[in-house]
Amino acid sequence: MAGRNDPHGSNRDTREDVRAQIREFLGTRRARVTPEQAGLPMYGGERRRVTGLRREEVALLAGISSEYYTRLERGNATGVSEGIIEGIAQALQLDEAERMHLNDLLRGAGTTCPPRRRPAQQRIRPAVQRVLDSMDGTPAFVLSGRGDILAANDLGRALYSPVYADPVRPPNNARFVFLDPHATEFFRAWEQVAGDCVAMLRAEVGRDLYDRRLTDLIGELSTRSEEFRHRWAAHNVRIHTTGMKLLHHPVVGDLDLPFETFPVGGDPSQVLLTYTAEPASPTQDALNLLASWAATNDDIERSTPADHSEPADSSETTD
């Protein structure tokens, strides 16, 4: 470990972390693909010490040398071509999200490593907040890549009132899922939500390897939640833009809510999340009741967009 007086220690630690992520991601992907699935011959009575593909088998399928693939899996990723990445992706049968994640990791390992940094505070443009507020009858939020709730409309805050109960600002979905005992009741399909949450954080780490707030969040969750640590070690990644959320709200009961996410123009790290209900369904009735409750309840946070910006770090120093 680098000493405090080593000016290059932080960079070395970051570089080693990126290499470890490449090694562990490729290792977990190899382990899940059998020779039969890869179309490789199996000879009678062959005893294998690995559950999935060997490194030399991945190299064979990808059309590269075994030595080169071994160096690559160890994080020596300088100058990797798109063709090699595509060959490895095909050999390991990666889906779209996994291909993007591998490309992000290799790109990060092949560039000069800056020190971990705290990004500029994320703020919601007033026009975006007006869009949220205009979506009458639709719970809507703006989320960061870390799962921070940066803004919401009134019905969104009412729907996620258990998440807003955490005094930490901005509210964070991952922190709620893994650290709040009410999460397993609020999310009726908690196992799926937890898996999706970790997979999206994994993808975000690949996109921004040097975001200190992201690594601080992951460190907190890893320290405080064994469930998170177990899922994080799987190195699963996922693109999750549409689906169904099964919720149990403490005021209106069960809701089955289809959701859609959309990128927020001008900030690729922010997404707009919306929930809708089938017309004339029990969920629509529950949303109507929730809207009435929100209109008369003073306990739901109704802050301006600026109130959801990330708090400044008093320990931050300027280089």
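1. Surface. The accessible surface of the protein chain comes to about 16400 Å². Carbon and sulfur atoms account for 51% of that surface. The model is a predicted one, and the points below should be read with that in mind.

2. Overall make-up. The protein chain has 319 residues, and 47% of them are buried. Its secondary structure consists of 15 helices and 5 strands. Among contacts in the protein chain with a separation of 6 or more, 60% are between residues 24 or more positions apart.

3. Helices H3 and H4. Helix H3 covers residues 55-62 and helix H4 covers residues 66-73; their axes come within 8 Å and cross at roughly 110 degrees. Angles of 65 to 115 degrees count as roughly perpendicular, so H3 is roughly perpendicular to H4. The handedness of this crossing is right-handed.

4. Residues between H3 and H4. On the H3 side, the contact is made by Arg55, Glu56, Val58 and Ala59. On the H4 side, Ser66, Tyr69, Thr70 and Glu73 take part. By type, the residues of this contact are 3 nonpolar, 2 polar and 3 charged.

5. Helix H5 runs over residues 82-91. Which residues of H5 are buried? They are Ile84, Ile85, Gly87, Ile88, Ala89 and Ala91. Just after H5 comes Gln93, which takes a positive phi of about 55 degrees.

6. Helices H6 and H12. Helix H6 (residues 96-109) packs against helix H12 (residues 190-207) at an angle of about 35 degrees, and the two axes are 8 Å apart. The crossing of H6 and H12 is left-handed. From H6, the residues in contact are His101, Asp104, Leu105 and Arg107. From H12, they are Arg202, Ala203, Gly206 and Arg207. This contact divides into 2 nonpolar, 2 polar and 4 charged residues.

7. Arg202. This residue lies in helix H12 and is one of the H12 residues that meet H6. Is Arg202 buried or exposed? Buried means under 20% relative accessible area, and Arg202 has 3%, so Arg202 is buried. Leaving aside residues up to four places away in sequence, Arg202 touches Gln21, His101, Trp232, His235, Asn236 and Val237.

8. Ser225. Where is Ser225 placed? Ser225 is in the loop between helix H13 (212-224) and helix H14 (226-232). Its relative accessibility is 5%, and Ser225 therefore counts as buried. With residues up to four places away in sequence not counted, Ser225 touches Phe178 and Leu179.

9. Ala291. This residue lies in helix H15, which covers residues 282-296. The partly exposed class lies between the 20% cut-off for buried and the 50% cut-off for exposed. Ala291 has a relative accessibility of 35%, so Ala291 counts as partly exposed.

Key:
Residues numbered from 1 in each chain as written. Predicted model: local features only at pLDDT ≥ 70, side-chain atom pairs only at ≥ 80, totals over all residues. Heavy atoms only, no water. Axes fitted to C-alpha atoms, helices over the stretch in contact; angles between N-to-C directions. Helix = DSSP H or I, 4+ residues; strand = E, 2+ residues; numbered from the N terminus. Parallel < 35°, antiparallel > 145°, perpendicular 65-115°, else oblique. Left-handed = near helix turned anticlockwise from the far one by under 90°. Contact = heavy atoms within 4.5 Å. Nonpolar A, V, L, I, M, F, W, Y, C, P; charged D, E, K, R; others polar. Buried < 20%, exposed > 50% of the residue type's maximum accessible area, 1.4 Å probe, protein only. Areas by Shrake-Rupley, 256 points an atom, 1.4 Å probe, with all protein chains shown as cover.
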